[in-house]
Amino acid sequence: MENNPINSYFQQDDSHVDIKHEIKKYLRHWPWFVFALALSMTIAYVYLRYSPRIYETSTKIKILDESDGLELPTSAFVFKRSNINLENEIEILTSYPIIEQVVRKLKLNTTFQEEGQIQISRIAQLPFHFEQHIKPDSIFGSYQYEILVNKNNFEVIDLKHGKEFVFENHNSFGKEHGLPFDITLFNKKDLAQIEDKKYVVRLSPIKPTTLRLKSKVKIDPVGEQSDLLKLTMKSESTEWSEKVLDSLVSVFNQDGIKDRQQVFRNTLNFIEERFVDLAKELDTIEIEKKEFKQDNNLVFLPSDAELGLQKRTQSEEELFKIENQIALSRLVEQGLTRDDDDRGLLPSNIGIENNSINELIGEYNTAVFEYEKYSASGGINNPMVKQLQSTIMGLKSNINQSLRTYKNQLEVSRKQLDARNLKFRGEVGSIPEKEKLLREIDRQQKIKESLYLLLLQKQEEAGINLAVTEPSVKVVENALSSSSPISPKSNVIYAAALLAGLLLPFGVLYLIFMLDTKVHDKKDIEKTVKNVPIIGQIPEVQDKEHLIFENPNDRSILAESFRILSSNVRYVLPKKENNKGHVIFCTSTIKGEGKTYVSINLSLALSSLNKKVLLIGADLRNPQIHTYSTKDKNAKGLSNYLFDYSLDWKTLLLKGFKNHKTHDVLLSGAIPPNPAHLLTNGRFDDLINEAKDLYDYIIVDTAPTILVTDTMLISHLSDTHVYIVKANYTEKNLLEFSKELNDSGKLKNMAYVVNSVGTSKSRGYGYNYGYGYGYSDVS
């Protein structure tokens, strides 16, 4: 097939997504978007109108560090880190015992609600006096009571037991009714505001109420380096939420104070018990110390040791003197042991401390001096010398006797002193042991005394701490509720509704488009087959009675679409220099795609241009051209000509459309048993060759290509193949088959025509101008 400018004209680059086409594809269904938007916005309005308003209530507390001001700076202080473990405090705050105390304190297992026309909202308390008689621990099941405020009375309904009570004058006190509460309206002026309103009272057990409240309270630290905690909860009633959070902080604070007070009480009890034992132990030590001193004759150990040493020294000095006297006595004795003729002098004043001996020695020495003086002058026979000699002998005997007596006395004294020295040595030697024992006694005494004093100090500290116990938390910010509800958020709801109104139809359409396997317009063909031109789109005709281009001057959309198709067909036809007619085969993949419909109208459009046109029904298996004329299905036609060699095809021509003078029709004829054999017997080739000389255009309505091989058997006779694809009917996967026919050359010079395109989808047809037709998007 030779190159033709129409190919580039009709072929578009599909390397990118056609955003405009995709948008238009969805905009065709704009009513669904409008409906979805209206529906979603209506639902959003109704939801916002009747959904309960949820408010957020929060409070901030600081966990106090008990060690503040009592300890030296630590590494945590230096690096600005707190000693408080906030995770532990959070767990304690949300623990079941703490939450349960709040439930019991506020009687939260009794809830109040105001019933409106559509919804029920929670309130903190009833607008009239309510006094509950049943204790929270006595509620084991769920009870529900409805209170209707009438003009003259209260009407109470026990929903669980199905009982109804009426209290006149809006007062139940003093009346037997069996209800777990009493109600009354003190101020009659409030009746106008609550008349005809219904309130609901619910009583629930402690445990489920505690668990529900536990799940509602959220606690988070405020910053990473902070000791602050933020407690939040969400509820319809801000008054109720604020009361719960403030009570929770108070209960937590009191719980911490009670814990510390209990520690102080235990400390005081322990100290009091220990005082009794310490007093007994101190008395025992005092008695033991006294007895030890008495047994060891101790008054004050250092002075007693010094006195013992002095006594021992004095005794040793006395012993030394005695031994010295004994030695001196022995020295005198040695002087007296000389011969009688040796009358030497005795030592005098040598240190003997006996006066009688010293006197005798003095007398003796005097007698010796006189003896020596008289013996030298008078001789030894001098009576005076004799007398002196006798005196000396007597004195010598007396001295010996005195010395013996004196030595005996000294020996006795020395023995006594030895015994006393031995005693003194024992006493001084036992002093370290006594000192050690006494120190042990003193050490035990000091330990007990210091412990006693410490306990006295701790007793005072514990007493002071018990009297003035520091709080566990500091309330930084009391419970506050948001001025506007956090749920539902109108801007978010409306934005979500707007988004849903757009996305819902978009998603549905996207799924429809994604699951859609049909061809809808030329874009679907261009995505699959890129090298085959699309020469026309035939709009869908709603009026089934006007399917044929009968009037050559018709200005309808159908007429204009086929005029455009006829014009585009002439562009794809090869040029011929011998002025012979052009052969155009109209075919499709499967039956029902409108190839006969397109063949007829294309031939009529060419005929309206004063061209001689021959329409041949070559679909011998399922002929359809006769349905657009008054001829019978079995009227003679092509099959008769192919079978009967005596027939001339010109004699079988019909004028099926009276307004088209240059238009002839050759019907298919009777349905033969062997169409393929007839088409290939050479008679059809002769017919085409003869018709080329007689007509400007020969339009051949052929059989579908995927069902039978009839069209391929005669495709060599065609100058161009107009391949019909029906919108919303032809499967997209069938385009691969037609693409293969073109690529393999089985159908030469092929061009697509999209049939039965919706008016809103067709491109090139519409009433955009005042001429009755226009070219809005010719491509």
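This text leads the reader through the structure, from its overall make-up to single residues.

The structure is a predicted model, in which local features need pLDDT of at least 70 and side-chain atom pairs count only at pLDDT 80 or more, while totals for chains, interfaces and linings use all residues. Residues are numbered from 1 along each chain as its sequence is written, and side-chain values use heavy atoms, with hydrogens and water left out.

The chain contains 22 helices and 19 strands. Helices (H or I, at least four residues) and strands (E, at least two) are DSSP runs, numbered from the N terminus. The chain has 779 residues, and 42% of them count as buried. Here, buried means under 20% relative accessible area, exposed means over 50%, and partly exposed lies in between (1.4 Å probe, protein chains only). A contact means heavy atoms within 4.5 Å. Among the contacts in the chain with a separation of 6 or more, 76% come from residues 24 or more positions apart.

One pair of helices may be followed in detail. Two packed helices are described by the angle between their axes and the distance between the axes. Helix 3 (residues 30-50) packs with helix 14 (residues 490-515) at an angle of about 150°, and their axes are 8 Å apart. The axes are lines fitted to C-alpha atoms, for helices over the stretch in contact, and angles run from 0 to 180 degrees between N-to-C directions. The angle therefore makes helix 3 roughly antiparallel to helix 14. Angles under 35 degrees count as roughly parallel, over 145 as roughly antiparallel, 65 to 115 as roughly perpendicular and the rest as oblique. The crossing of helix 3 with helix 14 is right-handed. A crossing is right-handed if the near helix is turned clockwise from the far one by less than a right angle, and left-handed if anticlockwise.

On the side of helix 3, the residues that meet helix 14 include Trp32, Phe33, Leu37 and Met41. On the side of helix 14, the residues that meet helix 3 include Ile493, Tyr494, Leu498 and Phe506. The residues of this contact divide into 17 nonpolar, 3 polar and no charged. In this division, Ala, Val, Leu, Ile, Met, Phe, Trp, Tyr, Cys and Pro count as nonpolar, Asp, Glu, Lys and Arg as charged, and the others, Gly among them, as polar. Pro488 lies in the loop between strand 12 (473-481) and helix 14.

The text now turns to charged pairs. Side chains of opposite charge can pair when their charged atoms come close. A salt bridge is a side-chain nitrogen of Lys or Arg within 4 Å of a carboxyl oxygen of Asp or Glu, and by this rule the count comes to 17 salt bridges. One of them joins Glu146 and Lys198, whose closest N and O atoms are 3.7 Å apart. Glu146 lies in strand 5 (residues 143-149) and Lys198 in strand 9 (residues 198-203), so this pair ties together parts that are 52 residues apart in sequence. Glu146 is buried at 16% relative accessible area, whereas Lys198 is partly exposed at 26%.

Another salt bridge is formed by the side chains of Lys580 and Asp693 (2.5 Å, N to O). Lys580 lies in the loop between helix 16 (557-572) and strand 14 (582-588), and Asp693 in helix 20 (residues 683-694), so that distant parts of the chain, 113 residues apart, are linked. Lys580 is partly exposed at 31%, and Asp693 is exposed at 52%. Lys655 and Asp664 also meet in a salt bridge (2.7 Å, N to O). In that pair, Lys655 is exposed at 53%, while Asp664 is buried at 10%.

Some single residues complete the account. Asn728 is not a glycine, yet has a positive phi of about 60°. Asn728 lies in the loop between strand 18 (720-726) and helix 22 (735-744) and is partly exposed at 39%. Ser756, likewise not a glycine, has a positive phi of about 60°. Ser756 lies in strand 19 (residues 750-757) and is buried at 12%. Finally, Ser566 is found in helix 16 and is buried at 1%. Leaving aside its neighbours within four places in sequence, Ser566 is in contact with Leu602, Ala605, Leu606 and Leu609.
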